[in-house]
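Colleague: Could you walk me through this one? I have the sequence and the structure open.

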Amino acid sequence: MAFRITSTDKPIAWPIKVKLPIDGVGYTEVQFTGLFKRLGVEERDLILNAHKVLVNSETANEANAITFSKLLDGWSDIEDTDGNPLPFSLDSLKMVLSGPDFSPFSIAIWEASNEVHFGIAREKN
């Protein structure tokens with residue numbers, strides 16, 4: 001198949017794999033789908049440079065929430081504590097990032113973003 005130049009704004013659905021710790025035995029992996037915006041080099045660089053500024057003026061979690069809201073267009077397979085679908089929004093990102101799984105959640109989104117935007121694959125265990 002030939003490589004075709006595209007200018008589509010349609011987001012890319014990509015699996016985001018979150019590794020959650022289990023008491024003393026390792027990790028369990030849960031997954032949701034992120035809808036990543038298709039960004040050009042300049043737009044992505046602007047977002048990442050703004051993230052660096054945010055980290056200096058906000059908490060890391062607040063900076064991540066704002067940045068993730070610019071990298072993602074939506075998500076699926078994330079539920080609230082009652083098992084209902086959690087709609088994608090900046091407030092939802094802030095809620096998840098203020099909870100106990102903030103670090104694995106952030107790491108998973110950064111890894112998936114790198115896979116989508118830079119073609120960097122996850123290391124195999």
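Colleague: Which side chain does the side chain of His51 make a polar contact with?

Modeller: The side chain of His51 makes a polar contact with that of Thr67, at 2.7 Å; the term means a pair of N or O atoms within 3.5 Å, where within protein one must be able to donate a hydrogen and the other to accept it, and residues adjacent in sequence count only if both atoms are side-chain atoms. This is a predicted model, in which local features need pLDDT of at least 70 and side-chain atom pairs count only at pLDDT 80 or more, while totals for chains, interfaces and linings use all residues. Residues are numbered from 1 along each chain as its sequence is written, and side-chain values use heavy atoms, with hydrogens and water left out.

Colleague: Is His51 buried or exposed?

Modeller: His51 is buried, with a relative accessible area of 12%, where buried means under 20%, exposed over 50% and partly exposed in between, using a 1.4 Å probe and protein chains only.

Colleague: Switching topic, how many salt bridges does a search of the whole structure find?

Modeller: The search finds one, a salt bridge being a side-chain nitrogen of Lys or Arg within 4 Å of a carboxyl oxygen of Asp or Glu. Lys94 forms it with Glu62, and the closest N and O atoms are 3.2 Å apart.

Colleague: What does the pair tie together?

Modeller: Lys94 lies in helix α3 and Glu62 in helix α2, so the pair ties together parts that are 32 residues apart in sequence; helices here are DSSP runs of H or I with at least four residues, numbered from the N terminus. Lys94 is partly exposed at 30% relative accessible area, and Glu62 is partly exposed at 22%.

Notes
Helix = DSSP H or I, 4+ residues; strand = E, 2+ residues; numbered from the N terminus.
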